Amino acid sequence: MLWRETVNDKQLIDLIALTMHYRNALRKARALLHEYGNPTDALERSDKDAVQLFRERAEQELEFAAKHKIKIYTYTDEEFPYRLSECPDAPLVLYGRGNLQPNGKHMLSVVGTRGATDRGKTFTRQLILDLAAAVPDLTIVSGLAYGIDVAAHMAALEANIPTIVIPGHGLDRIYPSVHRQIAVRTLEQGGILTEYATGTEPERMNFVARDRIIAGLADAVVVVESREKGGSLITAGMAFDYSREVFARPGRPEDIASGGCNRLIRRNMAHMLLSADDLIHDMQWERRNNTATQTELVNLFGDLTNEEQLVLNTLHTNEDGVHVNFLVMETGISYPQMIALLMEMEMKDIVHALPGGVYRALK
């Protein structure tokens, strides 16, 4: 019989104490649980003074949770995120606040650089709005950081779909503090979920560790913008190791903010993502009845050829315009054929030619 089937406060306190004691050695805590069968026996192998200290701290955590309506998920609970439990380094305890449903039908993590461009933030918003319109029971997961993360949460709130914040600290604070109001709004429309107890500072190493939760909690991870050595690549790498689908929005070779995304695609670690249609198709997600994303509507009313639709999908990745050479590279259409195709599309008022061989979508 699992210890959790007859759980009492003492066992829960000891599990919390165990995770606090081995905060930076989760594999050790797991090994002890496996060896001794329950958190009490696993904890009591340590020094008596240390055990008492951590038990007192765990009791304070339970008091804080009760006072602030924080739900505690343990690794043997039925409500523990089942996707995350599949990961070998999943947390043993999670603390959640809000209207959380961490086992939603379609879970999508969206991450990217803190120094996001306007194009990247616009793409993030449109992607989530399109997905929300087309995919039932969608939940957006991210980390509330500057740039793409907060843009993803804001888009989910705008679309009135659940969004879950995964911070790198306890639930007694919000970081960055300027995003506090957005975090508060998620409490009614999702919530905040963390493995960190109260008092945990937003230290750099915590954010690296929390990335595995962002990766493991979802069916797929989308990287919108990332530099060659961007932190979002850590999340993408973890998702890849967890056998999650990874998607990346491509950028021009000279776009510094897209260097990491281009590398993920080049190394076959991520699907190229140009629109919501790409993700829905590759994930084989069912659609709502009689719904279509923005790209599909253009095709429906514009009667586009497959080549024209491919060009239009690429143009939609950059509202300021795309150079013809990039169109050739991304679509695989030859340069002479591309020039002829763009002329046809211009005559149909689908695209507009800008100086320097740049084209912009009109629809």
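This is a predicted model: local features need pLDDT of at least 70, side-chain atom pairs count only at pLDDT 80 or more; totals for chains, interfaces and linings use all residues.
Author: A cavity is a set of grid points where a 1.4 Å probe fits but cannot get out.

Reader: How many cavities of 30 Å³ or more does the structure hold?

Author: There is 1 cavity of that size.

Reader: Which residues lie closest to the centre of the largest cavity?

Author: Arg249, Gly251, Arg252, Asp255 and Asn318 are the closest, out of 13 residues that line this cavity. A residue counts as lining when it has an atom within 4 Å of a point.

Reader: What makes a residue of that lining nonpolar, polar or charged?

Author: The residue type decides: Asp, Glu, Lys and Arg count as charged, and Gly is among those counted as polar. On that basis the lining of the largest cavity has 3 nonpolar, 5 polar and 5 charged residues.

Reader: What makes a space a pocket instead of a cavity?

Author: A pocket is an open set of points, with protein on both sides within 12 Å along at least five of seven lines, whereas the probe cannot get out of a cavity. The largest pocket has a volume of about 580 Å³. Its lining has 25 residues, and Thr19, Arg23, Asn24, Glu195 and Tyr196 lie nearest the centre.

Reader: Which elements give two or more residues to the lining of the largest pocket?

Author: They are helix 1 (9-21), helix 2 (26-36), helix 4 (48-67), strand 2 (93-98) and helix 9 (204-216). Helix 9 gives the most, with 4 residues. By residue type, the pocket lining divides into 13 nonpolar, 6 polar and 6 charged.

Reader: Is Thr200 buried or exposed?

Author: Thr200 has a relative accessible area of 9%, which is under 20%, so Thr200 is buried. Thr200 is found in the loop between strand 6 (190-194) and helix 9. Leaving aside neighbours within four places in sequence, Thr200 is in contact with Arg23, His169, Gly170, Arg173 and Asn206.

Reader: What makes Lys69 exposed?

Author: The cut-off for exposed is over 50% relative accessible area. Lys69 has 75%, so it is exposed. Lys69 lies in the loop between helix 4 and strand 1. Its phi is near 55°, a positive value in a residue other than glycine.

Reader: What is the peptide bond from Tyr175 to Pro176?

Author: That bond is cis, with omega near -5°. Most peptide bonds are trans. Pro176 has its place in the loop between strand 5 (163-165) and helix 8 (180-186).

Reader: Why are strand 1 and strand 2 called paired?

Author: Two strands pair if there are at least two bridges between them. Strand 1 and strand 2 have 4 bridges, in the antiparallel sense, so they pair. Thr74 stands opposite Val93 in strand 2. These strands belong to an open sheet of 9 strands in the order 1-2-6-5-4-3-7-8-9, with mixed pairing.

Reader: What makes strand 1 an edge strand?

Author: Strand 1 (71-74) pairs on one side only, as does strand 9 (271-272) at the other edge.

Reader: What is the order of the open sheet of 3 strands?

Author: The order is 10-12-11, with antiparallel pairing. Strand 10 and strand 12 (residues 358-361) are joined by 2 bridges, and at least two are needed, so they pair. Helix 16 (residues 335-347) packs on this sheet, touching strand 11 and strand 12, and its direction makes about 115° with that of strand 11.

Terms used: Residues are numbered from 1 along each chain as its sequence is written. Side-chain values use heavy atoms; hydrogens and water are left out. Grid points are joined across faces, edges and corners, and a volume is the space filled by probe spheres set on the points. Contact means heavy atoms within 4.5 Å. Axes are lines fitted to C-alpha atoms, for helices over the stretch in contact, and angles run from 0 to 180 degrees between N-to-C directions. Buried means under 20% relative accessible area, exposed over 50%, partly exposed in between (1.4 Å probe, protein chains only).
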